[in-house]
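I opened the model and kept notes on what I looked up. The entries follow in the order I made them.

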Amino acid sequence: MPSFDFHGVTVQFPFPPYECQKDYMKKVIECLQTKVNGVLESPTGTGKTLCLLCATLAWRDHTKDAISQQKIAERLDGKEMFPSIPHPSWGQANSDVSTPTSYSDVPKIIYASRTHSQLAQVVSELRNTSYKPKVCVLGSREQLCINPEVMRQENHHVKVHMCRGKVSTRSCVFYNNVEEKSTDRELVNTIMDVEDLVKFGNKHRSCPYYLSRSLKQQADVIFTPYNYLLDPKSRRAHQIELAGSVVIFDEAHNLEKTCEQSTSFELMPYDLASAISALTRLLAEQATEASLGESSVQGLKPNIENVAKIKEICLKLEAALDAFQVAADKGITKPGIFIYELLERASLNYDNKAAVFETLEQIIGSLAGQPGIFHNTSGLQKLSDMIQLVFPGNVPSSKLDRQKKLEDNTASFKVHIHQDTSFQKKQKSADLWASSSTKKTGNILSYWCFSPGFSMQDLVNQGVHCIILTSGTLSPLSSFTSEMRIKFPVSLENGHVIERDQIFVSVIERGPDEVPLSSAFDRRFVPENLSSLGNTVVNLSRIIPHGLLVFFPSFFLMEKTLEFWRDNGHASRIESVKPIFVEPKGKGTFTETIGGYYDAVNDSKSRGGIFAAVCRGKASEGLDFANTFGRGVIITGLPFPPKLDPRVLLKMQFLDEMNQKKIPGMKFLSGREWYREQAFRAVNQAIGRVIRHKDDYGAIFLCDQRFKSRDAQLQLPSWVRPSVRHYENFGNIVRDVCQFFRVAHKMRPMLEKSTAPELASECPASSRQSSSPRSCGSTSYLHTQKAKMLDSHTNTLKRRRPDEDTAVASIFKQYESQTAKSARKAGNLFDALDRVETRREANGALGEQTPSKLSTLSLQYDKRLEEMMNGGKRKINLVHEQKPSFSRVVSGDGKKAIAKNFLGEMKSSLSQVNFERIRLALQSYKKTDNVDILLSDTSLLTDDPHTYSLLRGLYHFVRPHHKKTFDEKCQEVTGAGCGYKPEHSESKTGMPHAADVDPSRISASSSSLKSSSAPKNKQGGLEDLGGSQAGTTPKGQVQAAFLADVKKALGPEGSARLCQAVHSYKATDNYDNMVAVAVALFTEKDKDFSLLCRFASIIRPHHKRQYKEMLRALLARLAETAVEQNHHNQSE
């Protein structure tokens, strides 16, 4: 394994590191060597976790080597044992005065992350390194207990006290085996996560919870969730010693919120009522026992007098809270120190807090240990937790020092008393067995911490070696560190490992209909805004391949938006391109929902999927949407915290108060600055889903006009800011996005769809390690079915199966099924088309799902998978010139066979887009008898020498009086004619010609593309389509038909916009402005998209090539999204 030297420390890294990884490891080692705190930001995908583990463990080994060198030097009286052999791994540590002198003094590494699923990923990364430290993963009894009787309990506190009771009486067989198995070689020498520990416990019938605590004593690295460190109660419960340890917080963007929540509490009226009810029952039981002369075993039940005192405290506290007259929509806010005054009214203070706490623990243990009876102890546990939080440590005896201690304890807190308006819902979910006396209204006591620095200072006071905070989204670092209230001498804002061509970032200020996009409070539910956002998602879903993530500011806004889209047709249009999966609020159905999304992206018959999620939700935090699972991210607005939430308002007030105090050496954010940065941190976290490794690529769309400001863009991550683009017209966005993905496909081809990311938090390890395309072991059918049953607002967002029998496939099936008996049917392409269209109309009349209802144009494009993955600009396969051209005149069955063979050759050689264009060009020629239009519409065959044979093959479809002209044109363009002879211009009786079939039976499919080019129009004005010549010549008839289609599709307002744009184009020759309007209008609805191709007749000659390239790129992008469906149909 390669080795690298950073600040004298030799680091073994699995592969040669990138520069950003070297910078990161240098900063980590600098923090460790100098014993200073560091805040390090490195984007997701840069190998942050691996760098952190390797650098930290290398420094630890380096420190142990230095101790060994010192001890050897002491034994040899300063002489070298091997003077001729250097010891580079020891570096200069022996001269460091801070180097420990004993192996036991080498700092432990305490690695904390937000969830156990994230820790499981870290443990997996550690296994990929050359370092094999002794590790321990701390967890709760919820994750680690395997005692069936304990795990049957639904209440967590009951589990805890039942476990403690069994351990104290040694009645748990699993605990009794811990001492014997704690030294097992497999356990000690293997790097295990929580799931591995549970497997080991089940295998050896030994308690994983207490095994992890025994491993902690000898562990070099301790993995733990945040709250075990930040919550003093949990830290004491798990006996975590911080003195001299290196503390690492990974995914630290959540640290601020976790710090505040771990030191806050809310005491509900229900909590006090349930505590009083439990105490009353216990007193009644003890009174009954006393009257019968029974005596309880000493130590198992608390003294009856102490129980009565605890009940009296609860009653006084309940009365004190109910005495506050609080309006339903308002609350009473007091300084933090008021908590001591309030508790004093209940006879609870520093003098008796230890006795009260001890009695509460004894009562809870007694109630939890009673067999066969469930006692709700949650209220009593709340009181116990409150005492530990409000009364930390001891208080000085002098009055002055006592007052200062109380002020210091509460400087970062506020007391908020407000009315409980949700008590009915609380009772239904909390305790079905509670008596009616506990179901009451009242006031809620909230004791909220508003400074994460309170917890961080507590860690520093424990004597830690250093603290390292790291994440992919910490910017801006200055404001983040100011909230922590401790110094961070080392900082890093790292770059990304990707290149500029791997990311596309666009601010979408207006939708396709020119309506400004905004999630601001006064605009978020405006119908025009929601409609424009829906149109934006519809258009982007067509051109973004595979998986697309759409993030909303909140669950409420997501529900209302999806409801509007469902009622107004946007949802069905989106689902016709990609199925929608919606992030559920609860954890129960999340696995099924995300599994359904992964299945849709992996499904060879689909074009991907859309996952609608919420900023700060589960999908935006810990899930990995690498490769095809996240090719695009749409941010639909800024997720500001709810400003009417009392906790948010008080936080802003607290920061403003701290600013006014101007404490020396302390700098605080203003309330407004904090409020703004909360929104952008959530946005940055969601943005990070799109790029997950060095070869990944994707697009980011910021769909809110507020993102266009310079200040807003400065809040984005440093690796995103240089790539931000701002567009005036939506059409230009479509053009550039198509180009971006076309280049990305070419530069970084993906030979197959990715395997699904790991759902470490939901699936067992065995499932994650399998070769299944998803991380969970359940079948894709199960996931697909369960994913349909989402929240109520998504009931109509059902996934539809694309119709496997496409129009083109039907054409060739009918050709193959024709027999000699079908002499009455013309042996050409158009009869088959007639029958296909008739069949389609019949199916529609019967209520069957037709292709126009199921999919957009992207489903109808037939393109080979290999061609898409090659990502070439030319969107046709190469055809060699070995096949003869169809130049001779034939009759009867011979002509039918030639037509069939030619169509088969053309279909296999062209993409479905171009095949459709040729088919429609022949239909148009049949109607207009205009060979110039035919030559123009089939000009795509002149772009590449390998398709010249296909152009010459069209000679067979040309009417006799046009054959000479067609032959001359082929001679001019391709250098070879079609074998024209004068007799070819003479019409033969009894020979049905391809262009002579009655066109009345051919219906125009709303989902079919018209030709992408038309005769040149010198004036370029919209009026030329329907002027005085309209209807008088074949050309005029075509133009009149196009104008009528435009008016019908766009309506008066859209037609007026298009007309104005064309007039402006005619006057100014400004191609970009005109095309941007046309693209925005013609891509808004699926059925209107074909008009964009026909719009080529408006383009002036000197812009024709530019328009054609834009159109080809757009059509190719759409074709690529449908390739897997069509490839699957062909294989069948």
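Entry one. I am working with a predicted model. I began with His 204 and listed what it touches, leaving aside neighbours within four places in sequence: Asn 177, Lys 181 and Glu 186. His 204 belongs to helix H10, residues 194-204. Is His 204 buried or exposed? Its relative accessible area is 18%, and the cut-off for buried is under 20%, so I wrote it down as buried.

Entry two. I went on to helix H16, residues 304-322. H16 has 19 residues and reaches 27 Å from its first C-alpha to its last, close to the 27 Å expected. Which residues of H16 are buried? I noted Val 307, Ile 310, Ile 313, Cys 314, Leu 317, Glu 318, Ala 320 and Leu 321. Seen down the axis of H16, these fall within an arc of 165 degrees, so they line one face of the helix. I recalled that an α-helix has 3.6 residues a turn, so residues three or four places apart point the same way. On the face of H16 turned away from the buried side I found the exposed residues Glu 305 and Lys 309. At the N-terminal end, Asn 303 caps H16, with a side-chain oxygen 2.7 Å from the backbone nitrogen of Glu 305.

I looked up the largest nonpolar core, which has 85 residues. Helix H2, residues 48-75, gives the largest share of this core, nine residues. Leu 255 is among the residues with the most contacts inside the core. Leaving aside neighbours within four places in sequence, Leu 255 is in contact with Tyr 226, Leu 230, Phe 249, Met 456, Leu 469 and Met 484. I also noted a second, separate core of 69 residues, including Leu 562 and Phe 740.

Notes: Residues numbered from 1 in each chain as written. Predicted model: local features only at pLDDT ≥ 70, side-chain atom pairs only at ≥ 80, totals over all residues. Heavy atoms only, no water. Helix = DSSP H or I, 4+ residues; strand = E, 2+ residues; numbered from the N terminus. Expected span 1.5 Å × (residues − 1). Buried < 20%, exposed > 50% of the residue type's maximum accessible area, 1.4 Å probe, protein only. Arc of directions from axis to C-beta. Polar contact = N/O pair within 3.5 Å; in protein donor to acceptor, adjacent residues only side chain to side chain. Core = buried A, V, L, I, M, F, W, Y, C linked by side-chain atoms within 4.5 Å. Contact = heavy atoms within 4.5 Å.
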